Amino acid sequence: MPELPEVETVRRGLAPTMEGALVDAVELRRADLRFPFSEGFGSDLAGRKILSLGRRAKYLLIDLEEDRTVVAHLGMSGSFRIEAGGVSSGKGEPETPGEFHHPRSKDEKHDHVIFHLQTESGPQRVIYNDPRRFGFMHLINRRHIDRYPAFESLGPEPTGNSLSADYLASRFAGRKQPLKTVLLDQKIIAGLGNIYVCEALWRSGLSPERAAGTLVTKAGEASDRLVLLTQKIRDVIADAIAAGGSSLKDHIQTDGTLGYFQHSFSVYDREGHACRTPGCAGTVTRITQAGRSTFYCAVCQT
DNA sequence: ATGGTACCCTGAGAGC
DNA sequence: TGCTCTCAGGGTACCA
């Protein structure tokens, strides 16, 4: 589930439980995810209070006392869920079934990290599940967070005012790489993934195969089409966050509900379906770029 | 630098 | 039912 809107949804889902909570213990069910856990990963966190939850691009940040920060990445298949109750149990308490009650994940064998917390409403467990184990967690010193390798060269967020057409013009100038590839590059924009790049390009009427440099004028300024693309990127991210992200497969949010932006997909995973651009008679096609699927309409995206 | 590929890992779905 | 094949929201290492 992990593009920026999904990670932001996770952050918002975890914050009420985790912020202000005391970490009783961190249970590691295995020695590694994508990378081995650092020495003392769990023991260093035990007994510390969680101050706040943050996010940078697709990274979740858990800020604790004494400048500790857990940098967590969900990879392709990582998710968090919250269960009431103390250490032990294993079965967990019955959860308050909400309107969107979802059956408990069957893959408890992929519960790799469990944060045992003391909160105002009693003991809680925050459980990280990740079948493919492309995710990871690092414990770092928050004062040196800018030197965390993945953050050093990260581009601006596609939210708020961080992203501008002028900035993109400076990065696109002279580039022959296709737009799809360039927009997936976290060093240029941080947080976009396969879904939202496809959707932003469709909303902009731009072909994913177009060379990035063609959106920059000879004077090195942003063309009108690049101004539009910039706005559409911001729009699609904002829309997805407002919808609680996208839930592919049966992915559930921390509170057991589903994000619903997947119902708003215009091209992603819609191969063979009619293009949704008003008046367009095209059909969504799928191509492969840089080893990943790209969905677009060859009629109205040029 | 730029562009392409392989790979990390497990599960789901399609086709036979 | 079961096998094999392909594909999946990401990122990085390695190649020409």
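User: Which backbone N or O atom lies 2.7 Å from a base nitrogen of DNA strand C?
Analyst: That atom belongs to Ser246. A polar contact here is a pair of N or O atoms within 3.5 Å; within protein, one must be able to donate a hydrogen and the other to accept it, and residues adjacent in sequence count only if both atoms are side-chain atoms. Before we go on: this is a predicted model, where local features need pLDDT of at least 70, side-chain atom pairs count only at pLDDT 80 or more, and totals for chains, interfaces and linings use all residues. Residues are numbered from 1 along each chain as written, chains are lettered from A and ligands numbered from 1 in the order written, and side-chain values use heavy atoms, without hydrogens and water.

User: Which side chains have an N or O atom by a phosphate oxygen of DNA strand C?
Analyst: Lys58 is one, at 2.7 Å. His73 is another, at 2.9 Å.

User: Switching to salt bridges. How many are there?
Analyst: The structure holds 20. The criterion is a side-chain nitrogen of Lys or Arg within 4 Å of a carboxyl oxygen of Asp or Glu.

User: What does Arg56 pair with?
Analyst: Glu157, with the closest N and O atoms 2.6 Å apart. The two sit 101 residues apart, Arg56 in strand β2 (residues 50–56) and Glu157 in the loop between α3 (149–152) and α4 (165–172). Helices (H or I, at least four residues) and strands (E, at least two) are DSSP runs, numbered from the N terminus.

User: Is Glu157 buried or exposed?
Analyst: Glu157 counts as buried because its relative accessibility is 11%. Arg56 is partly exposed at 23%. The cut-offs are under 20% relative accessible area for buried, over 50% for exposed, and partly exposed in between (1.4 Å probe, protein chains only).

User: And what does Glu271 pair with?
Analyst: Arg286, at 3.8 Å between the closest N and O atoms. Glu271 is in the loop between α7 (224–242) and β9 (284–289), while Arg286 is in strand β9, 15 residues apart. Glu271 is partly exposed at 45%. Arg286 is partly exposed too, at 47%.

User: Which residues form a salt-bridge network?
Analyst: Glu8, Arg11, Arg12, Arg55, Arg56 and Glu157 are joined into one network by salt bridges that share partners.

User: Now aromatics. How many pairs?
Analyst: There are 10 in the whole structure. Rings of Phe, Tyr and Trp (its six-membered ring) pair if their centres lie within 6.5 Å; planes under 30 degrees apart are stacked, over 60 edge-to-face and the rest tilted.

User: Why does the Phe37 and Phe41 pair count as tilted?
Analyst: Their planes are at 45 degrees, so the pair is tilted, with centres 5.2 Å apart. Phe37 is buried at 10%. Phe41 is buried at 1%.

User: Which rings link into a cluster?
Analyst: Phe35, Tyr59, Phe136, Tyr148 and Phe151 do, through ring pairs.
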